Amino acid sequence: MNEFNWILALFRVIGVLVMMSAAVFACWLLSGRQSPKHVSAVFGWLLLVVLWGLGGYALTTRYALGLGAVTNLSDQFPWGIWKALVLCGIAFAAGGFLTACLGYIFRIRTFYPILRPVVLAAYLGYMLSATGALLVDLGRYHQIWRPIFYWQHRSVLFEVSWCVMLYTGVLTVEFAPILLDKFGWTRTSRFVHAITVPFVICGVILSTLHQSSLGSLFLIVPNKLLPLWYTPWLPILFFLSAIVSGFATAIFVSALAFWIFHKPLEPRVLTSLAKGMTPILLVYLFLRVADLTSRNAWMYVFRYPVQGVTFTVEMLLLTLPLFVVLKTRWSGRRRWAFAAAIPVILGVNLNRLNVAWIGLLPATGSNYFPSWIEITVVLNLLSFGVVLFGIAARYLPLFEHPDVGGHGTPVVVPRVTAMGPMEAGGHV
Amino acid sequence: MISRRQFFKTAATGALTIASARALLAESSVDPSASAGVLVDLTRCIGCRACENACRVRAGFDALPGAAIGYGPGDGRLSFRTRTFIDFRDGDTKPKQPVKRQCMHCLDPACVSVCPVGALEKTASGPVVYNESICIGCRYCILACPFGVPKYEWNSAFMPRVAKCDFCADRQAKGQSPACVASCPTGTLKFGKRGELLQEAKERMDAQPGRYKYRYGDAVVGGTSWLYLSDTEPEELGFPKGLPKEPLPSLTWKAISKLPFVVIGVGLVLSAVLRWRTRGALEQP
């Protein structure tokens, strides 16, 4: 019985058309409200239109037919790449709480200029890869609000959902001044400045909680997750790797953003971040090795070929940057700081994929691999993030930071004005 | 003196959190030995699948076609409509002992502990039941269950449900035994209070040590309401390998219970750093 379903077809066509026009509109905004001028720009427009068009098809099909029809998930393997994307996205967004902590709490002036771009990246990370991915992944996506009213304090997922909700609020407060400044709502902007520091403290607490809790999610499956990754230390390891990832994504986001939009950025910003990342990365790797050794788990590298390879690649990616940042000849160079950040980001993301997907395969007897629709949705969510960041960078005062004095330190920094009224003349 | 105010705020929040966590911690003190249980004496099972059929009918699905003794129609695994089935364990080389599979109704179930909205509940009378009206479809219960019991309605686009054996909680409330137990013609399944069944299992093992060699369910993951007696090793019968004796939720609780201390610790450290970096008052940087 393969009757042609007109309603579904219409739904899909509408979805594809809406997404394609959204892509054209986004490209038009990105290129400064102009049609494409160069061949490369035309190619970029086409790429996004095709990707979002496929996304329109994927999303409409998912919502029309359900998870079973579009994903390779099964009762054997109920969590797939969309749940893994939540883990990866939140690890990527760790840059937000980290730079906010360094800027607003530790008051390290070097990092003031990158606060806005990195916080925006974190905001988008939470909105798209956490909330967005869950809206696609939850069987009853329309019930996503339920944890607000139905409490279950023993559930890690309950804790995570509350932390993510509250932290998204914190990020809104941290991000709001950009919008308020843009529209000239100075008084509201000042008020938000005034309450920022307590919010940042709450944000760091919430991040500590949920970044580690994402690891605790898998404490319940001691017989399913491969011993290469299953350890009672999962929460601690997830938290430490989130900090490492935070440093790396702060480097990545600020380097790329300032470079693409031709804004000057002190080289010191990136190298300081790389230097800050090093000790945490060392502690993390030490704990990983100590943990694997104490549990005598190394042999699993050879017992499971696929997991052995992904584990080895993960460890190599996380070790590689040490050679860069510990080499004094390179450690002062901006491009090497950037070069160190890339493998760290890849390594942390691979770690999340290993824990949420690859490390679960042998014991569950599953050979889950995401369907093309699952992959398309992931690529779409990621591209939404990139495009929204680009649009924000183009139209919002994202790189606006206070004057930089002779020694590379901001003279006045109203952006991090904490409590009390902002001093007049602070921001020019 | 903002940081001092901050300090008190943080400390107060922390104390409150600890207090409420403690209050919540007080576990519902259900005596598992008085709650419902089933003793499955696998040495008596002939694999007639009457239980499987009765369960399907009771859950509102079609009866198994024909006399389906032994191999035959049916899903051959737990699925959305098959909440219990007789596992003939294809591929084994040894003489096959049919094994009835269904929810084990753990005393401290992983599925109940992981559900973020409390859609799953271990009732005081024994059954682990699913409340479909609260479920958000996160499928964490399916991932967490060590026995692979909860199944998902994958083809539902709008209101997919989780399906699992509910121990016929409705029949139990009416004083009846579960449908599968009522249908068993060989006395393989015995319904009763878990404490008494455990006692009986021990007695049977003592009386006929040659026939009953293994008991499953009294200790694994903190104990289950369903108990098994067999002459074959449980792992050989397809029960999961490498499960701890402690309840799985306690693995998670060790981490979650640190939450108040993390809140207070991080809050204090940050306040201290802020105070140090701003020398007591928040001047303009």
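Two strands count as paired if DSSP finds at least two bridges between them, strands being E runs of at least two residues and helices H or I runs of at least four, numbered from the N terminus. The model here is predicted: local features need pLDDT of at least 70, side-chain atom pairs count only at pLDDT 80 or more, and totals for chains, interfaces and linings use all residues. Residues are numbered from 1 along each chain as its sequence is written, with chains lettered from A and ligands numbered from 1 in the order in which they are written.

**Exercise 1. Find the bridge partner of B:Arg215 and place its strand in the sheet.**

- Start with the residue: B:Arg215 bridges to B:Leu229, which sits in β10(B).
- Next, the strands: β9(B) and β10(B) (residues 226–230) run antiparallel, joined by three bridges.
- Zoom out, and you get an open, mixed sheet of four strands in the order β8-β1-β10-β9 (chain B).
- At its edges are β8 (189–193) and β9 (214–216) of chain B, each pairing on one side only.

**Exercise 2. Work out how α4(A) and α6(A) are packed.**

- Take the geometry: α4 (residues 81–92) and α6 (residues 115–137) of chain A have axes 8 Å apart, at an angle of about 170°. Axes are lines fitted to C-alpha atoms, for helices over the stretch in contact, and angles run from 0 to 180 degrees between N-to-C directions.
- So α4(A) is roughly antiparallel to α6(A), a label for angles over 145 degrees.
- Now look at who meets whom: α4(A) brings residues including A:Trp82 and A:Phe92, while α6(A) brings, among them, A:Tyr126 and A:Leu128.
- Sort the residues of this contact and you get 12 nonpolar, three polar and two charged. Here Ala, Val, Leu, Ile, Met, Phe, Trp, Tyr, Cys and Pro are nonpolar, Asp, Glu, Lys and Arg charged, and the others, Gly among them, polar.

**Exercise 3. Describe the side of chain B that touches chain A.**

- Count first: 54 residues of chain B are in contact with 53 of chain A (C-beta atoms, placed from the backbone, within 7 Å).
- Then find the main supplier: α9(B) gives the largest share, 10 residues.
- Finish with the make-up of chain B's side: 39 nonpolar, 11 polar and four charged.

**Exercise 4. Say which residues of α8(B) are buried and what covers them.**

- The buried ones are B:Leu248, B:Pro249, B:Leu251, B:Thr252, B:Ala255 and B:Ile256 (buried: 20 or more other C-beta atoms, placed from the backbone, within 10 Å of its own).
- The cover includes α8 (156–182), α9 (186–216) and α10 (234–260) of chain A, plus α3 and α9 of chain B.

How values were computed
Contact = placed C-beta atoms within 7 Å. Parallel < 35°, antiparallel > 145°, perpendicular 65-115°, else oblique. Buried ≥ 20, exposed ≤ 12 C-beta atoms within 10 Å, placed from the backbone.
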